[in-house]
Amino acid sequence: MLRRCFQAALRFIPHWPALYQDVVSQQTVGKSLEIWQTAHWNTRGLSKMSLWPFSVKSRDFSQPNASWSAEMQDVYNRYNALCEAETEESGKTGTWRKLPSYNRTLKYVRGGVCLSKIIQSKSRLFTRNIKDLGAAFEYVVFLNQQEKRCVCVFQPGHLLEGPPGHVHGGAIATMIDTVTGTLAGYLAGPVMTANLNINYRSPVPLGSVVVLHSALDRVEGKKIFVSCRVTSTDESKLHTEATALFIAFKMGYLFGS
Ligand SMILES: CCCCC/C=C\C/C=C\C/C=C\C/C=C\CCCC(=O)SCCNC(=O)CCNC(=O)[C@H](O)C(C)(C)COP(=O)(O)OP(=O)(O)OC[C@H]1O[C@@H](n2cnc3c(N)ncnc32)[C@H](O)[C@@H]1OP(=O)(O)O
């Protein structure tokens with residue numbers, strides 16, 4: 001039964017890249033569902049299959065909040081201004097885009113009863129599973145799709161301690177994986193990290209603000225090579241360097257079909 005549910009859901013999932021773009025560019029679930037339904041469900045003759053049980057608004061966890069330091073807010077404003085300026089000039093989506101960040105990877109994908117079963121579980125995105133503002137991963141990602149790069153402004157909180165007063169290397173790796181994976185995902189659809197190489201050059205103080213600069217190096221078939229540098233906000237200090245290999249996959253791979 002469960003297997004049949006997954007198989008039915010997976011019929012929709014190959015449309016992930018288009019779907020994801022639709023979903024992430026909208027502020028509300030309702031709006032995104034409307035677009036998704038129009039774009040995909042009607043063409044598949046399934047528009048009457050309304051099994052989605054949620055009507056809540058999606059929460060974008062990358063919006064400024066009270067825990068953000070002045071420096072975090074400044075860097076956010078700088079990149080956000082780029083998004084807005086370019087949008088105003090061209091009258092359409094600019095070169096830079098602020099990406100929303102939810103606490104589930106598939107939460108806002110409409111796939112009917114099968115996906116809703118997955119959604120009913122208690123799983124949460126690792127980087128968005130702590131409710132205390134500022135306690136762990138405070139971050140926001142901006143994407144420049146034309147230049148195939150993105151930047152992430154990251155303020156690590158007190159729960160991410162490794163060496164006294166400084167950020168755990170695993171937390172830094174998590175953010176590198178998240179940012180490089182997000183870039184690869186936006187460029188190539190669903191991806192899995194196959195390889196992550198990290199050189200830690202200087203420790204990151206807890207509560208400081210750093211910027212992750214990620215860029216596409218090359219694509220070879222389903223292999224996507226991405227690099228990343230973690231620096232201070234003025235880029236004068238290099239904290240970490242990394243390269244990552246992502247493999248594009250079909251979602252059925254995760255569900256055994
Ligand atoms: C769930 C969807 C996520 C999608 C995200 C996209 C957008 C969303 C945006 C925002 C969402 C927010 C947050 C998410 C952000 C980041 C995502 C985090 C991602 C992870 O945190 S994910 C968990 C850790 N990750 C794993 O749990 C992977 C376990 N692993 C496997 O599942 C397989 O291993 C797999 C699938 C990787 C490959 O399997 P496969 O069968 O498809 O590929 P295959 O083996 O055929 O290799 C094909 C070619 O890659 C070469 N190759 C393979 N592996 C290599 C390696 N390690 N080093 C060097 N080369 C390698 C081969 O040598 C061959 O090369 P060639 O073609 O030249 O011969």
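**Exercise 1.** Describe the shell around the ligand by residue class.

*Solution.* Start with the classes: Ala, Val, Leu, Ile, Met, Phe, Trp, Tyr, Cys and Pro count as nonpolar, Asp, Glu, Lys and Arg as charged, and the others, Gly among them, as polar. The shell then has seven nonpolar, eight polar and two charged residues. This is a predicted model, in which local features need pLDDT of at least 70 and side-chain atom pairs count only at pLDDT 80 or more, while totals for chains, interfaces and linings use all residues. Residues are numbered from 1 along each chain as its sequence is written.

Next, find the members. A residue is near a molecule if its C-beta atom, placed from the backbone, lies within 6 Å of it. Of the 17 residues that surround the ligand, the closest are Gly-181, Gly-185, Ala-194, Asn-195 and Ile-247.

Last, assign them to elements, where helices (H or I, at least four residues) and strands (E, at least two) are DSSP runs numbered from the N terminus. Helix 6 (169-188), strand 4 (191-200) and strand 7 each supply at least two shell residues.

**Exercise 2.** Which residue stands opposite Lys-223 in strand 7?

*Solution.* Strands pair if DSSP finds at least two bridges between them. Strand 6 and strand 7 (residues 238-248) do this in the antiparallel sense, over nine bridges. Opposite Lys-223 stands Ile-247.
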